[in-house]
Amino acid sequence: MARKFFVGGNFKMNPGSLEAKKAIVNVLNKADVDPNTEVVISPPALYLIPLVDFLRKDFSVSAQNCHEKLSGAFTGEISPTQLADAGVPWVILGHSERRTLFGENEKGEVRSIVAAKTKAALDAGLKVILCVGEKEEQREAGKTDEVVRSQLEPVFEVLKGDDAAWSKIVIAYEPVWAIGTGKVASPKDAQETHAATRKFLAERVSPAVAESTRIIYGGSVSAKNCKELSTQPDIDGFLVGGASLKPEFVDIINSKR
Ligand code: PEP
């Protein structure tokens, strides 16, 4: 089964106002886009509800994070069931900024916060963009595949016996050194990691899940570099930060055209 190309736009905590976000979304709403590409944009949580209404109906919105519990005394957090109730179908989990700046699994905990959140989000009916990726020193030490495996392993464990769950997950391979830096992985390097990740999925889950799961690349994707990256056989789309706030996001959506 062909994997549908997937392009996500991670707005992070940008830009300032609802009006500024609507201006960006308006460009997308009017754009002529490849109908064979699935598009998801991820504004800050406060703007999800207005943008669910404002965004064209063939695109979807995603939260940038959620809590691992469905309700309770967790001041300042948002539960996956609340996202689902608000009409938000997707959530990004395990983004490197969450892992490093907010302590999600970078301190050697045995229990994986990202895996617990993934399970909770799926249980609430959400789909998950699951981010993994190595730091520069880990790449230089030849540990890229090992790091990606160690980030995926707790998710395999928590979803053991539920292969169908993988149809609701897109894996985003985002080398940390490439995020927001202007340094992009070469198509060859990205392809190698995507292929190794797919092989790992085949071993740990099943060949069928490995074949159907989309593995997208993130890290300084732009209108200039997206076409070549998109020709790689195991790159099934992109997660885009900075360039998702610019009109060139349309060119990235249309990489395969
Ligand atoms: C991201 O934040 O997921 C990302 C890939 O950012 P950028 O495209 O700016 O590198």
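The shell of residues around the ligand in this predicted model divides into five nonpolar, seven polar and one charged. The shell comprises 13 residues, of which Ile179, Gly180, Gly218, Gly241 and Gly242 come nearest to the ligand.

The strands of the model form a closed barrel. Eight strands take part, in the order β1-β2-β3-β4-β5-β6-β7-β8, and their pairing is parallel. From one strand to the next, the twist averages 25 degrees. In general, strands of a sheet pair through backbone hydrogen bonds, in either a parallel or an antiparallel manner. Strand β1, residues 5-10, and strand β2, residues 37-42, run parallel and are joined by six bridges. Within this pair, Phe5 is placed opposite Thr37 of β2. Strand β3, residues 59-63, is likewise parallel to β4, to which two bridges join it. Here Ala63 has Val91 of β4 as its bridge partner.

The side chains of β4 were examined next. The side chains of a regular strand alternate between the two faces of the sheet. In β4, Trp90 and Ile92 point one way, whereas Val91 and Leu93 point the other way. All four of these residues, Trp90, Val91, Ile92 and Leu93, are buried.

Helix α5, residues 113-123, lies across β4 (90-93) and β5 (127-132). The direction of α5 is at about 175 degrees to that of β4. The helix is mostly covered, with eight of its eleven residues buried. The buried residues of α5 are Val114, Ala115, Lys117, Thr118, Lys119, Ala120, Ala121 and Leu122. Both β4 and β5 contribute to the cover of these residues, which also includes the helices α3 (80-85) and α7 (144-158). After α5 comes Gly125, a residue with a positive phi, near 95 degrees.

Helix α1 was considered in terms of its length and its cover. This helix, residues 18-30, contains 13 residues and reaches 18 Å from its first C-alpha to its last. That span is close to the 18 Å expected at 1.5 Å a residue. In α1, the residues Lys21, Ile24 and Val25 are buried. The elements that cover the buried residues of α1 include α2, residues 48-54.

Technical notes: Residues numbered from 1 in each chain as written. Predicted model: local features only at pLDDT ≥ 70, side-chain atom pairs only at ≥ 80, totals over all residues. Helix = DSSP H or I, 4+ residues; strand = E, 2+ residues; numbered from the N terminus. Expected span 1.5 Å × (residues − 1). Buried ≥ 20, exposed ≤ 12 C-beta atoms within 10 Å, placed from the backbone. Contact = placed C-beta atoms within 7 Å. Pairing = 2+ DSSP bridges. Axes fitted to C-alpha atoms, helices over the stretch in contact; angles between N-to-C directions. Near = placed C-beta within 6 Å. Nonpolar A, V, L, I, M, F, W, Y, C, P; charged D, E, K, R; others polar.
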